[in-house]
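Please look over the chain shown below before reading on.

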Amino acid sequence: FVLAQFPWTRGLSQNMAGFALGPLQVMGNAFVARIPSLVFLIVLYFVVRLVLRLIRMFFDAVDNGTVQLAQFDREWAVPTYKIVRIAVIAFALVVAYPYIPGSDSAAFSGISLFIGVLFSLGSSSAIANIIAGYMLTYRRALKVGERVKIGDAFGDVTAVGLQATHLRSIKNEEITIANSQILASEVINYSSLAKADGLILHTEDGIGYDTPWRHVEAMLIGAADHTPGVLKEPRPFVRLLKLETFFVTYELNAYCGNAQA
């Protein structure tokens, strides 16, 4: 306004108004042109949200036992829901990408490529652990609360996460193992068959040749019968392992219904 009062600066004042209003006009025109795309994105958001809610309700019913599927364990409901949710969100992003403002520009493509390269280089081990965690779930290798041995680690499973599995040892130590390492290792599960068929506990004992084997068998089985936590059925049994120079090595086997006992 002040510049417009003088003849020498009147033209400059008009240019300044154009400089200030020009970007606003461009942004306003771009916003008006993108209104149909924005409406589509809003509708897509609510549709995807509704679909995810319906999927969540279905898998919650499977997890609670209300809905039963053949050859599908209830423990698979939560991880399967997570996989389906990721697939639905990925599909929605693919559909929404052309309608995102600026998606066809070179700058947007460059930023997308840069983020993709960083993600692929920095998350290879993380993705491997996530995939291994899902494979462990569907392979029924272990569950929370079970007693397992993974390599040299022995303890009860306290948590199975996307990246790692946590064990609590019998000395109350927390052991964290990467899921990819578990997938490549041997997993011994002491609890999976204990309740149905019983876990066979065994111990070895050396007794001299002067003691008849029938007495040894009766003594060892009697000791097992008086041990708390040992099942009466199936009956304990004794195996002869080795004949040493001065004694015989016997193995006492007894069934236990609780691996943590």
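Helices (H or I, at least four residues) and strands (E, at least two) are taken here as DSSP runs, numbered from the N terminus. The model is a predicted one, in which local features need pLDDT of at least 70 and side-chain atom pairs count only at pLDDT 80 or more, whereas totals for chains, interfaces and linings use all residues. Residues are numbered from 1 along each chain as its sequence is written, and side-chain values use heavy atoms, with hydrogens and water left out.

**Overall make-up**

- The chain's secondary structure comes to eight helices and eight strands.
- Of the 261 residues in the chain, 25% are buried, where buried means under 20% relative accessible area, exposed means over 50%, and partly exposed lies in between (1.4 Å probe, protein chains only).
- With contact meaning heavy atoms within 4.5 Å, 54% of the contacts in the chain between residues at least 6 apart in sequence join residues at least 24 apart.

**Helices H2 and H3**

- The axes of helix H2 (residues 35-64) and helix H3 (residues 77-96) come within 10 Å and cross at roughly 170°, which makes H2 roughly antiparallel to H3.
- For these values, axes are lines fitted to C-alpha atoms, for helices over the stretch in contact, and angles run from 0 to 180 degrees between N-to-C directions; angles under 35 degrees count as roughly parallel, over 145 as roughly antiparallel, 65 to 115 as roughly perpendicular and the rest as oblique.
- Residues of H2 that meet H3 include Phe40, Leu44, Val48, Ile55, Arg56 and Asp63, and on the H3 side the residues include Val78, Thr80, Tyr81, Arg85 and Val88.
- By class, the contact of H2 with H3 has 18 nonpolar, one polar and three charged residues, where Ala, Val, Leu, Ile, Met, Phe, Trp, Tyr, Cys and Pro count as nonpolar, Asp, Glu, Lys and Arg as charged, and the others, Gly among them, as polar.

**Buried residues**

- Ser191 has its place in the loop between strand S5 (187-189) and helix H7 (194-197), and is buried, with a relative accessible area of 13%.
- A polar atom of the Ser191 side chain lies 2.9 Å from the backbone nitrogen of Arg147; leaving aside residues up to four places away in sequence, Ser191 touches Glu146, Arg147, Ala259 and Gln260.
- Val148 lies in strand S1 (residues 147-150) and is buried, with a relative accessible area of 0%.
- Val148 and Val187 are 39 residues apart in sequence and, from C-alpha to C-alpha, 6.9 Å apart in space.
- Among the residues that Val148 touches, not counting those up to four places away in sequence, are Leu142, Phe154, Leu167, Ile188 and Tyr190.
- Asn179, placed in helix H6 (residues 179-183), is buried, with a relative accessible area of 0%, and its contacts, again not counting residues up to four places away in sequence, include Asn129, Leu136, Leu162, Gln163 and Thr165.

**Backbone details**

- Most residues other than glycine have a negative phi, and most peptide bonds are trans.
- The peptide bond from Glu233 to Pro234 is cis, with omega near -5°, and Pro234 is found in the loop between helix H8 (213-225) and strand S7 (237-243).
- Asn172, a residue other than glycine, has a positive phi near 60°; Asn172 is found in the loop between strand S3 (164-168) and strand S4 (174-178) and is exposed, with a relative accessible area of 62%.

Note on methods: A polar contact is a pair of N or O atoms within 3.5 Å; within protein, one must be able to donate a hydrogen and the other to accept it, and residues adjacent in sequence count only if both atoms are side-chain atoms.
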